[in-house]
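Here is a short briefing on salt bridges and helix packing. Keep the structure in view as you read.

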Number of protein chains: 2
Amino acid sequence: MRELDPFFKPQGIAVVGATDTEGKVGNVIVKKLLENKAEGKLEASVYPINPKIDEVENMKCYSSISDIKGELDLAVISIPAPKVPDTIEECGKNNVESAIIITGGFGELGKKGKKLEKEIKELGNEYGVRIIGPNCVGIFDSDNGVDTVFLPDDRMDRPGKGNTSFISQSGAFVATMLDWASMKDFGIAKTISYGNKIDVNDSEILHYLKNDNKTDVITMYIEGIDEGRSFVDSARKVSKEKPIIAVKSGKSEAGASAASSHTGSLAGSDKVYEAAFKQTGIIRADDFFHMFDLAKALEKQGPANGDNISIITDGGGAGVMATDACEEQGLNLAELSERTESKIREEFPPHAIVGNPTDVVGDTDKERYEIALRNMINDDNVDGIVIIILFQVPLLEDEVVDRVAEYANNTNKPVVACAMGGEHTKPHADKLEKLGVPTYPSPERAVRAMKGLVDYGNIKKGNEI
Amino acid sequence: MRELDPFFKPQGIAVVGATDTEGKVGNVIVKKLLENKAEGKLEASVYPINPKIDEVENMKCYSSISDIKGELDLAVISIPAPKVPDTIEECGKNNVESAIIITGGFGELGKKGKKLEKEIKELGNEYGVRIIGPNCVGIFDSDNGVDTVFLPDDRMDRPGKGNTSFISQSGAFVATMLDWASMKDFGIAKTISYGNKIDVNDSEILHYLKNDNKTDVITMYIEGIDEGRSFVDSARKVSKEKPIIAVKSGKSEAGASAASSHTGSLAGSDKVYEAAFKQTGIIRADDFFHMFDLAKALEKQGPANGDNISIITDGGGAGVMATDACEEQGLNLAELSERTESKIREEFPPHAIVGNPTDVVGDTDKERYEIALRNMINDDNVDGIVIIILFQVPLLEDEVVDRVAEYANNTNKPVVACAMGGEHTKPHADKLEKLGVPTYPSPERAVRAMKGLVDYGNIKKGNEI
């Protein structure tokens with residue numbers, strides 16, 4: 001799939017429809033690209049194009065693509081829909097291999113738009129121009145500064161570098177998710193929004209991200225997949241090497257019909273998707289929070305080798321909730337070996353509860369967490385550990401964070417954590433996560449994350465999830 | 001239930017087991033009460049009691065309850081379990097009507113502890129001393145400064161005043177929830193943790209909160225209810241006047257067994273609870289996030305008169321998700337009247353989508369939100385409105401928040417909002433919520449909140465939910 005490289009690693013980017021008018025798409029994109037260039041993030045040259053003006057953002061504005069002498073492999077197009085075919089033809093004639101069509105007003109508006117899409121697609125095929133869009137926000141790459149998301153910084157923050165990429169039919173979700181990820185300090189590798197996807201589709205992007213060394217985890221928002229067969233083939237291959245997590249909307253009949261008036265995609269029966277996801281090893285998330293919870297777990301921890309989970313907690317109630325959540329998620333409560341139980345009991349005070357959950361109780365210190373964690377890691381009956389730390393308890397030393405992380409980082413068994421609370425808890429939770437242990441604000445969310453690690457273990461082995 | 005007044009509106013509080021040792025329960029409680037007194041929040045007098053020392057926190061420490069001359073109606077007890085019976089007897093002999101036993105090490109540890117509990121309970125009955133606990137964190141009241149939650153400020157923040165109260169068997173959850181609520185700026189009226197509840201139980205507290213004018217919404221964390229009949233009677237009466245939302249753990253068999261080793265409570269079959277909740281009009285929440293989401297909605301909005309919900313969105317994908325969520329929650333997608341649709345269409349540009357969801361699309365201004373909202377409010381086919389605002393869209397004015405709130409505050413139909421995003425979105429979402437429209441970070445959570453308003457409408461009417 002070298003074919004997609006010009007989108008992601010362009011040498012030169014033309015912004016067709018560049019303008020000085022504040023807030024307009026053609027202005028926001030030029031500005032953002034120039035800003036990224038000034039900061040040394042973006043290597044590609046940037047060429048504003050607009051036949052009506054001479055300068056944009058104090059640099060020369062070209063009247064057409066053919067005027068550009070330098071290396072040019074990507075056109076970002078934001079001009080009225082009826083003018084787009086001419087631009088694609090011009091791209092083709094000037095060996096511009098790729099185009100992102102930001103402009104909306106195509107297939108989503110009905111027959112006339114669909115006809116225009118067909119025309120553009122045929123021109124692309126004829127001239128060898130690959131197309132993302134139309135009706136999309138294109139690409140955001142935290143690493144190399146390619147950013148065609150046309151929301152200005154005061155409407156949407158950009159997150160820092162990370163290892164999760166996000167593919168989305170919906171441009172609005174790319175914008176909200178980038179903004180959200182930035183606020184949550186969740187790094188993002190790439191986001192790709194393809195809108196009406198008349199050409200480049202999910203299968204190709206999946207395949208491209210499989211070979212992208214910046215991407216460890218692939219997340220997707222899907223309304224409908226048209227290229228069923230190739231998608232299944234592609235996802236099946238990719239999911240063996242990198243986890244794919246998808247939010248699929250249009251689950252209900254009413255939702256599917258709403259999706260169809262949104263991007264014109266035929267959502268199809270949810271059962272078909274559910275089955276396809278299972279077969280191809282895509283982990284389905286209920287919503288975006290769930291998706292990022294899973295992504296975080298899969299970025300930071302390896303897959304589990306089985307579904308026997310043990311729980312350590314300093315709050316009895318939280319342990320009960322985690323236990324319920326395990327059962328709800330179809331995870332097995334590990335039966336600790338006798339040896340493990342007796343070794344823990346040896347070192348525990350009598351009022352602490354040894355078992356699964358193991359309750360280190362409210363007067364715990366960091367020692368008890370270490371004892372429980374060490375012995376569970378060494379127990380063959382345990383495949384993964386959910387560790388709940390309520391940092392409110394009075395005698396628990398801050399160093400519990402370092403100790404837990406050290407154990408978690410020296411075992412192949414996945415460890416996920418739950419830290420419930422507020423301002424006092426937050427720095428501890430953040431630190432634990434920075435040290436490599438994905439940390440969640442509720443037992444339920446921690447257990448759901450563990451389920452993702454168990455699922456991915458099965459996907460890796462070729463088992464159905 | 002004037003009987004419980006001494007717990008919640010004491011004239012004098014004795015802290016039995018007061019000490020100067022930093023971090024110890026008897027120190028944290030004295031300090032917190034004195035601090036609240038110094039700040040003018042707490043009216044009651046505070047009397048440290050410990051026969052071994054003369055002063056605590058620079059004030060006179062009494063050797064026993066009988067030494068106190070002033071008005072005294074509440075004893076907060078934090079001394080070793082075996083010494084508690086004597087203190088209860090002393091309370092009784094000195095007309096101290098109520099006692100919170102913080103101390104653990106009773107029924108939750110087995111037979112011996114259960115015997116001690118029985119002894120204490122009998123003494124309480126004999127002398128007319130009502131008891132909360134043992135093994136609990138007691139009471140937090142944001143309004144009058146009664147606060148026996150023994151976590152110091154550097155471990156747990158206290159939230160400001162609010163209209164939701166929280167009853168919890170688990171003390172740890174009171175601590176984590178107070179801390180969390182404080183971080184989220186979610187005001188709390190009272191929290192009551194009763195631990196092993198040998199005397200004062202859920203039914204009584206429910207009844208008390210029904211008559212408490214500071215409490216509008218009652219939330220509960222339940223592991224097990226022993227007093228089945230009286231609980232059902234009490235909850236049925238209370239839920240007609242104030243919403244009750246409960247998280248019940250120990251759903252699964254494994255969870256129920258974990259709950260039993262936690263507070264020694266018999267969780268019983270989840271189906272029994274599920275049925276009891278339905279009969280008595282308790283709205284069940286899946287977890288704490290869900291519980292607070294519902295509480296927020298029920299605090300700020302009235303119940304819905306039916307289950308026909310309409311959706312307004314500026315992001316197509318978010319509209320699809322809300323539609324799915326309605327179906328999942330068993331809500332009905334309202335069929336807008338022809339009149340409504342044509343009135344909206346009249347004022348909308350052709351590319352906006354009129355229907356349910358109504359998509360004001362990405363180039364929306366505040367006008368389109370107003371047009372859609374006004375017409376849906378006037379449509380008899382609509383019982384409640386979910387309004388999704390992605391504030392990232394470039395042309396939307398900040399004043400949309402004021403306009404939406406104004407419409408929402410001038411109708412009996414409940415309106416809940418969803419605002420997805422990050423730092424740019426947060427101030428708008430916060431403002432919208434302050435103006436009375438409960439606002440959630442995802443369409444799913446907004447719809448689940450609306451479900452709570454529909455449920456409460458049914459509960460008020462005496463329908464089963």
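Asp141(A) and Lys190(A) form a salt bridge, with their closest N and O atoms 3.4 Å apart. A salt bridge here is a side-chain nitrogen of Lys or Arg within 4 Å of a carboxyl oxygen of Asp or Glu. The model is predicted: local features need pLDDT of at least 70, side-chain atom pairs count only at pLDDT 80 or more, totals for chains, interfaces and linings use all residues, and side-chain values use heavy atoms, with hydrogens and water left out. Residues are numbered from 1 along each chain as its sequence is written, while chains are lettered from A and ligands numbered from 1 in the order in which they are written.

- Asp141(A) sits in strand β8 (residues 138-141) of chain A and Lys190(A) in strand β10 (residues 188-193) of chain A, so their bridge ties together parts 49 residues apart in sequence.
- Strands (E, at least two residues) and helices (H or I, at least four) are DSSP runs, numbered from the N terminus.
- Both Asp141(A) and Lys190(A) are buried.
- Buried means under 20% relative accessible area, exposed means over 50%, and partly exposed lies in between (1.4 Å probe, protein chains only).
- Asp363(A) and Arg368(A) also meet in a salt bridge, at 2.8 Å from N to O.
- Asp363(A) is partly exposed, because its relative accessibility is 31%.
- Arg368(A) has a relative accessible area of 10%, so Arg368(A) is buried.
- A network of salt bridges links Lys32(A), Glu35(A), Asp147(A), Asp153(A) and Arg158(A).
- Over all chains, the structure holds 66 salt bridges.

**A salt bridge in chain B**

- Lys161(B) pairs with Asp143(B) in a salt bridge, the closest N and O atoms being 3.3 Å apart.
- Lys161(B) lies in strand β9 (residues 161-168) of chain B, and Asp143(B) in the loop between β8 (138-141) and β9 of chain B, so the pair ties together parts 18 residues apart in sequence.
- Lys161(B) is exposed, because its relative accessible area is 60%.
- Asp143(B) has a relative accessible area of 27%, so Asp143(B) is partly exposed.

- Two packed helices are described by the angle and the distance between their axes.
- Axes are lines fitted to C-alpha atoms, for helices over the stretch in contact, and angles run from 0 to 180 degrees between N-to-C directions.
- The axes of helix α5 (residues 171-183) and helix α10 (residues 288-300) of chain B come within 12 Å and cross at roughly 55°.
- That angle makes α5(B) oblique to α10(B).
- Angles under 35 degrees count as roughly parallel, over 145 as roughly antiparallel, 65 to 115 as roughly perpendicular and the rest as oblique.
- Phe173(B), Met177(B) and Trp180(B) of α5(B) meet Phe288(B), Phe289(B) and Phe292(B) of α10(B), where contact means heavy atoms within 4.5 Å.
- This contact of α5(B) with α10(B) has six nonpolar, no polar and no charged residues.
- Ala, Val, Leu, Ile, Met, Phe, Trp, Tyr, Cys and Pro count as nonpolar, Asp, Glu, Lys and Arg as charged, and the others, Gly among them, as polar.
- The axes of helix α12 (residues 338-347) and helix α13 (residues 366-377) of chain B come within 10 Å and cross at roughly 165°.
- That angle makes α12(B) roughly antiparallel to α13(B).
- The residues of the contact of α12(B) with α13(B) divide into four nonpolar, two polar and three charged.
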